[in-house]
Amino acid sequence: MPADRTLRLSPRPLLSFHAACPHGLEESLALELRALGATATPTRGGVSFEGDLGLAYRANLWSRIASRILLRLAHAPYRNEDELYRITGSIDWSAWFDPRQTLRVDVTGSRSPLRSLNFATLRIKDAIVDFFRERAGERPSIDTRQPDVRVFAHLDEREASLYLDLSGEPLFKRGWRQREDKGEAPLKENLAAGLLALAGWQATQPLLDPFCGSGTILIEAAQIARGIAPGLSRRFGFERLSTFDEALWADLRGQAQVEMQAARAAPLAIHGSDIDAEAIGQARMNARRAGLGEDAIALRQADCRTLEPPVATPGMIVCNPPYGERIDVAGGDYEATMLAFGQALKTRFGGWEAWVLSGDRTLPRRLRIREKRKHPLYNGPIDCRLFGFELFEPTPRG
Ligand SMILES: C[S@@+](CC[C@H](N)C(=O)[O-])C[C@H]1O[C@@H](n2cnc3c(N)ncnc32)[C@H](O)[C@@H]1O
């Protein structure tokens with residue numbers, strides 16, 4: 001990740017941003033944003049930070065963990081929908097977009113006194129539409145599917161925050177996954193990056209995902225090691241705003257290309273396996289689409305019950321195996337498979353660390369390995385744990 005240049009040299013005003021992320025990854029996201037030069041404060045479900053638009057462009061381009069970057073336009077106390085209408089109407093929307101563009105408004109609440117968030121959404125939308133109608137005689141139309149501009153509001157017990165979305169499509173969409181090519185319950189890319197961050201994986205360390213499916217964890221890891229900015233192959237919401245600084249954006253993308261070239265030959269030890277040959281084929285294709293050469297990730301078909309280390313030097317396993325409730329394990333029942341997987345880890349992976357994301361809280365018992373660390377995390381709506389295991393060399397008998 002390049003050190004921040006735009007922020008310190010820029011005379012532009014300080015703006016307030018909120019980067020949203022999956023619950024449990026707030027601290028990891030704050031570290032990532034600090035590495036970009038931001039003063040970042042973790043909150044629930046995200047991180048707030050300040051800077052100029054250049055910093056926000058860089059966060060969109062480089063953050064592997066954020067789901068979205070939002071610009072905060074208002075933060076004020078409210079008691080009812082009329083006050084929301086007034087707060088929304090006091091923002092100069094014409095500084096950001098044009099009434100010929102399409103709009104979508106989303107509202108979330110936590111302990112909001114309002115009875116209906118739908119009605120609150122309607123009032124906020126009305127205030128933006130009326131703002132333009134009164135000034136320009138034109139109004140933006142609503143498009144809930146592919147809007148040009150997205151406005152988010154968050155209502156807590158007393159205060160309302162209004163945000164302009166700078167990301168567009170959520171940031172976990174890196175641009176390489178094909179729509180019809182979803183695989184069996186693939187992880188979101190930003191959650192996969194979060195697992196690697198929480199596990200403390202270093203790009204020089206051997207990595208193995210023995211349940212690799214479509215290859216999400218491995219592709220994130222290889223992109224980290226190869227210095228590939230996660231947002232290099234996609235478009236962003238900020239490109240549609242009137243404030244869009246095309247030259248600055250071209251410069252930031254250019255710097256990212258240089259960074260990628262510099263890390264092009266970095267040696268990688270990234271390995272993946274899965275019992276399903278089709279999943280291996282898909283992971284291979286996804287790696288190619290993600291801009292990784294044939295040699296970046298070593299993939300093979302293998303059963304976790306008979307797993308062998310792919311390299312002699314101990315490294316790190318990061319994975320999310322299927323678990324009972326959700327998906328059947330191939331080749332046997334869940335309990336027996338996890339028992340055999342645990343046995344393979346204990347007998348053949350001495351010196352390795354294993355980090356396993358699962359919705360099964362009893363996983364350590366099933367593997368018969370006591371965890372060293374445990375992080376609560378959400379995989380979509382599923383309450384999960386990322387268990388960290390230290391695997392020791394078997395002590396010689398005698
Ligand atoms: C939850 S998915 C992993 C998804 C993956 N992280 C991704 O993002 O695409 C679990 C994977 O475990 C594989 N699997 C099931 N039983 C297995 C076994 N006995 N050995 C190895 N892989 C197995 C499935 O084929 C599936 O691809």
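## Basis of the description

The model is predicted, and local features are described only at pLDDT of at least 70, side-chain atom pairs only at pLDDT 80 or more, while totals for chains, interfaces and linings use all residues. Residues are numbered from 1 along each chain as its sequence is written, and side-chain values use heavy atoms, with hydrogens and water left out.

## The sheet that contains β7

An open sheet of 7 strands has the order β2-β3-β1-β4-β7-β6-β5, and its pairing is mixed. Strands here are DSSP runs of E with at least two residues, helices are runs of H or I with at least four residues, and both are numbered from the N terminus; two strands count as paired if DSSP finds at least two bridges between them. In general, strands of a sheet pair through backbone hydrogen bonds, either parallel or antiparallel. The edges of this sheet are formed by β2 (39-43) and β5 (103-109), each of which pairs on one side only. Neighbouring strands are turned by 30° against each other on average, with direction ignored, where the axes are lines fitted to C-alpha atoms (for helices over the stretch in contact) and angles run from 0 to 180 degrees between N-to-C directions.

At one end of the strand order, β2 pairs with strand β3 (residues 46-51) in the antiparallel sense over 5 bridges, and T39 has E50 in β3 as its bridge partner.

## Strand β7 and its partners

Strand β7 (residues 159-165) is mostly covered, since 6 of its 7 residues are buried, a word used for under 20% relative accessible area, as against over 50% for exposed and partly exposed in between (1.4 Å probe, protein chains only). Strand β4 (residues 68-77) is joined to β7 by 7 bridges, and the two run antiparallel; in this pairing L70 stands opposite D165 of β7. Strand β6 (residues 149-155) also runs antiparallel to β7, with 5 bridges between them, and here F152 stands opposite Y163 of β7. A hairpin through 3 residues joins β6 to β7.

The C-alpha atoms of L162 and H75 are separated by 6.5 Å, although the two residues are 87 residues apart along the chain. V107 belongs to strand β5 and counts as buried at 14% relative accessibility; its C-alpha atom is separated by 26 Å from that of G175, which is 68 residues away along the chain.

## A second sheet

Another open sheet is formed by 7 strands in the order β10-β9-β8-β11-β12-β14-β13, again with mixed pairing. Strands β10 (297-301) and β13 stand at its edges with a single partner strand each, so one side of each is left without a neighbour in the sheet. Neighbouring strands of this sheet are turned by 20° against each other on average, direction ignored.

Within this sheet, strand β8 (residues 207-209) and strand β9 (residues 270-274) run parallel and are joined by 3 bridges, and D209 has G272 in β9 as its bridge partner.

## The ligand and its surroundings

Around the ligand there are 22 residues, of which L187, S214, T216, D274 and N320 come nearest; a residue is counted here if one of its heavy atoms lies within 4 Å. This shell divides into 13 nonpolar, 5 polar and 4 charged residues, where Ala, Val, Leu, Ile, Met, Phe, Trp, Tyr, Cys and Pro count as nonpolar, Asp, Glu, Lys and Arg as charged, and the others, Gly among them, as polar.

The protein covers 97% of the 600 Å² of accessible area that the ligand has on its own, as given by the Shrake-Rupley method with a 1.4 Å probe.

## Two residues with positive phi

Most residues other than glycine have a negative phi. R111, in the loop between β5 and α5 (117-136), has a positive phi near 60°, and R111 counts as exposed at 64% relative accessibility. R368, in the loop between α11 (363-367) and β13 (373-379), likewise has a positive phi of about 60° although it is not a glycine, and R368 is exposed with a relative accessible area of 53%.
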